[in-house]
Amino acid sequence: MVVGDIATGTEVLVIGGGPGGYVAAIRAAQNGLDTTLVEKDAYGGACLNRGCIPSKALITATGLAHEAGTAEFMGIHADPAIDFAKTVEWKDDVVDRLTGGVEKLCKANGVNLIEGEASFVDAHTARVAHGGDGQGSESIEFEHAIVATGSRPVEIPGFSFAEEHVWSSTEALAADSVPDRLAIVGAGYIGMELATVYAKLDAEVTVVEMLDDVLPPYEDDVSRVVRKRAEELGVEFRFGEGASGWSEANDGGYLLETETEDGEESSYPADRILVAVGRSPVTDALDLDNAGIETDDGGFIETDDRTRTAVEHIHAVGDVAGEPMLAHAASTEGIVAAEVIAGEPAALDQQAIPAAVFTDPEVATAGLTEAEAEEAGFDVAVGQMPFNASGRALTTGHTDGFVRIVADAEAGFVLGGQIVGPEASELIAEVTLAIEMGATLEDVAGTVHTHPTLAEAVMEAVENAQGQAIHTLNR
Amino acid sequence: MTIKEFTLPDVGEGVAEGELVTWLVAPGDRVTEDQPVAEVETDKALVEVPSRYDGVVEELFVEEGEVVPVGDVIISFRVDEDGDGDEGREEDEGREGDDGEEGDPDPEAESPPKEPDAPAGRAFAPPSARRLARELGVDVAAVRGSGPGGRVTEADVREHADAADADTGTEDEAGAGTADGPKPVDIDASDRRSAVSKRDGTTAGAAEGSGTPTSEPAGRETTLATPATRKLAAELGVDLDDVPTDATREGEAVVDAAAVRAYAEADADAEAGAEPTTATSPAAASSEPDAGEDRPTEETVPYRGVRRTIGERMERSVYTAPHVTHHDTAEVDALVTAREELKAKAEAAGVKLTYMPFVLKAVVAGLKAHPYLNSELREDEEEIALKKEYNVGIAVATDAGLMVPVIDDVDEKGLFELAAELTDLASRAREREITPAEMKGGTFTITNFGAIGGEYATPIINYPETAILGLGAIEERPVVRDRSDVDGGVLDEEDETTVVPAPTLPLSLSIDHRVVDGAVAAAFANTVMEHLENPLLLLNE
């Protein structure tokens, strides 16, 4: 032991205080386990500090301004001005409140909090280096560990986030001013959410995507709704082009250079270039091999359905354990990890992990698509309800999109749902519950839905799948 | 014997109908479970449909060559009721046993139609049922679901697990609390027995004798359950501690609503089966267990009559009046002497003189000085009635239980008169010849547990009275006295006091604290003690 190195012991060591780690730590402490949480940066992880929460704050603020300014059809004439500095201040307040809340919750549940960067010394010891010179380090002996170090934005060759004009989502969410021209590499959910935000902030937004549509993992009719709306907002799309580099332009700005598969080159002027092509796991500083844990080619830690790594007493949860890289998946995994360590019969056996994209309009899905259900061998029944047939949707002025329900034609079990449209992120909860409970179409159709609400569209889609819809023609 | 109908099962791959190609059995044939009864051709395959029952083929409803939708009745069997339940369990055992065993050539494992045909072995079960399955070590995909479309419920999982347990467990365990087996027997739901008769060894024995699976009470000390489950248990008259469960939480057994329901049903079935052979009269319930029954774990006696009346009154008193018990000890040398002196006189008068008449008189002295102990709180009228009569009840232990005959107007009676009356009442109480009128009208009660032994107790007030005095045994006990009062017994020349043996009477006075405060209770006890220690004062009463 070196001088200044203090050894302590804990039953459960949680590395990383994001939505996977802090939830795991709290649940472990609730189960009576002596729990220590190490966070190197800010409690709440990427979700609270650099992801879900700041992006939703900006999406809501810009959406509100945009909506107020485009409601002439309702007889509302307004030209909202956005004081962006104030918007950012408000966003930061929201983040501070939530991260402070996480810290308080951990403490109130008896979690020992340590600030620093943890790495494995061996399978039962970790060293935590405290930030800054002369702050020293400490060794922690643990019985169980939960690795929840999350992910960071992926860099692509030629685009270093160290360059001031090259943004990752982190910088895009922390900007203190709006660039006149924003080029975005990648039309995935992060790229599309930020394209929407900056388009509504009146930036000229160009999105470059190697594939042929926005939101590649989603079905065509879902993506189409989002793309058309983004185009209406003024977003320019360049599909089939990959970012190859950038150069300085004469006007003091930059040029984003792209190339098609056929070698056709183009360039787009921009003041900032946002690279949003995915996230990669953060494992490099962990010295995982000291603990006997290997990562796969993508750098992810492989885990079983009880979140255990190859070294059974060490668990991994959240983005670092692979797809789906979603905060709520991380939290679920964190709870399972803590309960498995406490000896409870927990496991990751969810039938559906919902996902939401906060574009305009929103997209939310859960469970199987029609194609996936067929692939899995189901005799599939599908029902759909367009929002332009929903009374409530009409009264909000947002009628783009639809609810689709995928079910097993025989037994009627709800297998999946795809929603694109207003409040899709909220509406998906009902579909998810139905899937998880093994509810049938009849169960959902037999549940009375409030009128007039958007949620009725879920019921209508279910009835459509039964061939008994009232407000749509049954297909 | 019952008739069981059997529908064309889902033969897999999302097939909605099939052509019944060949019947492999004819009416009158005896079939065993899983024996193929028909060949059915779908657009995908020719499959054999196995019987789900042991029994005799009753009727075929479909012609060969006919196309039958899944779910239509194709055949019926005459099934022995008892056998059916057992067979069903064995089938599940077989399946469970097959799991994970390499190279088992058991034909059951190959029978094509698995009940809910979910592609890729997906089980439609809510998270709660899946978690329970993990807890019980059950593969949820192997559980036959009873819900709509074959959805697996927690009860299904439990049933599956119980069936698997039965495989490895003893006969007794097999019978314990499974919801499996007994098919709904036509019994009136209102025919459920109380928890008392449920615990009755003879009933259970008879049920087993009749071959109906029964649910043996688990009889735990504590059981965890949600409020909703507790409510359900109360509604069904089920003692949660009796519901079998394998689930635990922090070492304590956990019971859920499904288990409670399953237990209540199994229990009702068992009792329906037991009905013809077991009388349900209290006499039968309290009778000795059958000779044939091996080692009953308990004997039950009816909670009725005097016992229940006592119980109810105790309950009412304790839950109505906040009790405080004051303890003190009277040094009764003088009382012992006085009684000795009077005893001969009493005998001459034909009376047996105990200490009780003295105590009665001392109590009256106390009550006169502290009238609140001789009172009744009338909450509704918002008043306390201070009684001007001194009618003192004497608690008497009888074979049938505690009785409290009352001696009226103690203040107006002499010692010998009281002695005579006491003797009379006590003997008649024990003979159960006492009239209800003679046990009414008390204003204060004395309980003489010391007659049997002991020093102090916490007597329960004979509600709606306000106080009760308990008497310990009068015995010689060490007391501290001034040396000047004592001959000998010197421990130390310097000491002014010394410890000597002396007859003492331990007193335990319980009061209703709503009416009387501790200081008054102590003052009352002091007055009583003063009169017991100086019996000459009783002359004044």
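The discussion below turns to the interface and then to chain B.

Tutor: Please bear in mind that this is a predicted model.

Student: What makes R130(B) and E436(A) a salt bridge?

Tutor: The closest N and O atoms of R130(B) and E436(A) are 2.3 Å apart. The rule asks for a side-chain nitrogen of Lys or Arg within 4 Å of a carboxyl oxygen of Asp or Glu, so the pair qualifies. Across the interface of chain A and chain B, the rule finds six salt bridges. Helix α11 of chain A, residues 424–437, gives the most to the side of chain A that touches chain B, with three residues.

Student: How many residues are said to be in contact, and what does the word require?

Tutor: Contact requires heavy atoms within 4.5 Å. On that basis, 25 residues of chain A are in contact with 20 residues of chain B. Together the two chains bury about 1900 Å², with 48% of it on carbon and sulfur atoms. In chain A, the residues that lose the most area to chain B are P345(A), Q351(A) and F413(A), together 29% of what that side buries.

Student: Which residue pairs count as polar contacts, and how many are found across the interface?

Tutor: A pair of N or O atoms must lie within 3.5 Å, one able to donate a hydrogen and the other to accept it. The rule finds 10 such residue pairs between chain A and chain B, both residues at pLDDT 80 or more.

Student: What share of chain B is called buried, and on what ground?

Tutor: Buried means under 20% relative accessible area; of the 541 residues of chain B, 43% count as buried.

Notes
Residues numbered from 1 in each chain as written. Chains lettered and ligands numbered in written order. Predicted model: local features only at pLDDT ≥ 70, side-chain atom pairs only at ≥ 80, totals over all residues. Heavy atoms only, no water. Buried < 20%, exposed > 50% of the residue type's maximum accessible area, 1.4 Å probe, protein only. Buried area = accessible area lost by both parts, 1.4 Å probe. Polar contact = N/O pair within 3.5 Å; in protein donor to acceptor, adjacent residues only side chain to side chain. Helix = DSSP H or I, 4+ residues; strand = E, 2+ residues; numbered from the N terminus.
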